[in-house]
Amino acid sequence: MMNTATPLITAKLVSESKRLSILPRYTGKNFGSVEASIFNAMREYCSDYQGGYWYMYELSNGAFYMAPGRDEMLPISCAGNYYDGSMTADAAGLVASLVGINRVVWKTESQQLINLFYALRDFALEHKEAKEIFKAID
């Protein structure tokens, strides 16, 4: 995994005024399914998650992701691949976003979502917690 000191792909926090347009812009007609799938993935993988505010980030490679607006480390457990660990809310949000988008891809076969998934995966490869993220989604 890449995980360079200076990221090639950068993330920018979405302003409050632009939040409502982000999901439709990046996921098209599947925005409701993608949002629900990301929230469901977080509920499934994080026993501490009980809802709340999420940050949205746009990436310089044309992708986006969501992350819970929390500062503490979150426990993440993925029964399907036996991962059990903890990571920042940002990394947990990447996991939930990757899993959530992937689940909708399997249902829709949307090329837009396939492209989004791989662009987000490229960003995750550079993340400081890439090792944990990929253990959780692998």
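Arg25, Tyr26 and Thr27 in helix α1 meet Gln112, Leu113 and Leu116 in helix α4, where contact means heavy atoms within 4.5 Å. The structure is a predicted model, in which local features need pLDDT of at least 70 and side-chain atom pairs count only at pLDDT 80 or more, while totals for chains, interfaces and linings use all residues. Residues are numbered from 1 along each chain as its sequence is written, and side-chain values use heavy atoms, with hydrogens and water left out.

**How the helices pack**

Two packed helices are described by the angle between their axes and the distance between the axes. Here axes are lines fitted to C-alpha atoms, for helices over the stretch in contact, and angles run from 0 to 180 degrees between N-to-C directions. Helices (H or I, at least four residues) and strands (E, at least two) are DSSP runs, numbered from the N terminus.

| Pair | Angle | Axis distance |
|---|---|---|
| α1 (residues 19–27) and α4 | about 110° | 8 Å |
| α3 and α4 (residues 111–126) | about 155° | 9 Å |

The angle makes α1 roughly perpendicular to α4, whereas α3 is roughly antiparallel to α4. The cut-offs are under 35 degrees for roughly parallel, over 145 for roughly antiparallel, 65 to 115 for roughly perpendicular, and oblique for the rest.

The crossing of α3 and α4 is left-handed, a term used if the near helix is turned anticlockwise from the far one by less than a right angle (right-handed if clockwise). On the α3 side, the residues that meet α4 include Leu94, Leu98, Ile101 and Val105. Among their partners in α4 are Leu113, Phe117, Leu120 and Phe123.

**The nonpolar core**

Which residues touch the most other members of the largest nonpolar core? They are Ile76 and Leu120, out of 50 residues in that core. Helix α3 (residues 89–108) gives the most to this core, with 11 residues. A nonpolar core is a set of buried Ala, Val, Leu, Ile, Met, Phe, Trp, Tyr and Cys residues joined through side-chain atoms within 4.5 Å. Buried means under 20% relative accessible area, exposed over 50%, and partly exposed in between (1.4 Å probe, protein chains only).

Leaving aside its neighbours within four places in sequence, Ile76 is in contact with several residues, including Tyr45, Cys46, Tyr83, Met87, Ala92 and Ala136.

**Aromatic rings**

Tyr53, Tyr55, Tyr57, Tyr65 and Phe123 form one aromatic cluster. Rings of Phe, Tyr and Trp (its six-membered ring) pair if their centres lie within 6.5 Å; planes under 30 degrees apart count as stacked, over 60 as edge-to-face and the rest as tilted. The count by this rule is 8 aromatic pairs. The ring centres of Tyr53 and Tyr55 are 5.7 Å apart with planes at 80°, so this pair is edge-to-face. Tyr53 is partly exposed at 43% relative accessible area, and Tyr55 is partly exposed at 30%.

**Loops to look at**

Most residues other than glycine have a negative phi. Tyr82 has a positive phi, near 65°, and sits in the loop between β4 (74–78) and β5 (83–87). Tyr82 is exposed, at 76% relative accessibility. Glu109, in the loop between α3 and α4, also has a positive phi, near 55°, and is exposed with a relative accessible area of 65%.

Gly62 lies in the loop between β2 (54–59) and β3 (64–68) and is partly exposed at 46% relative accessibility.
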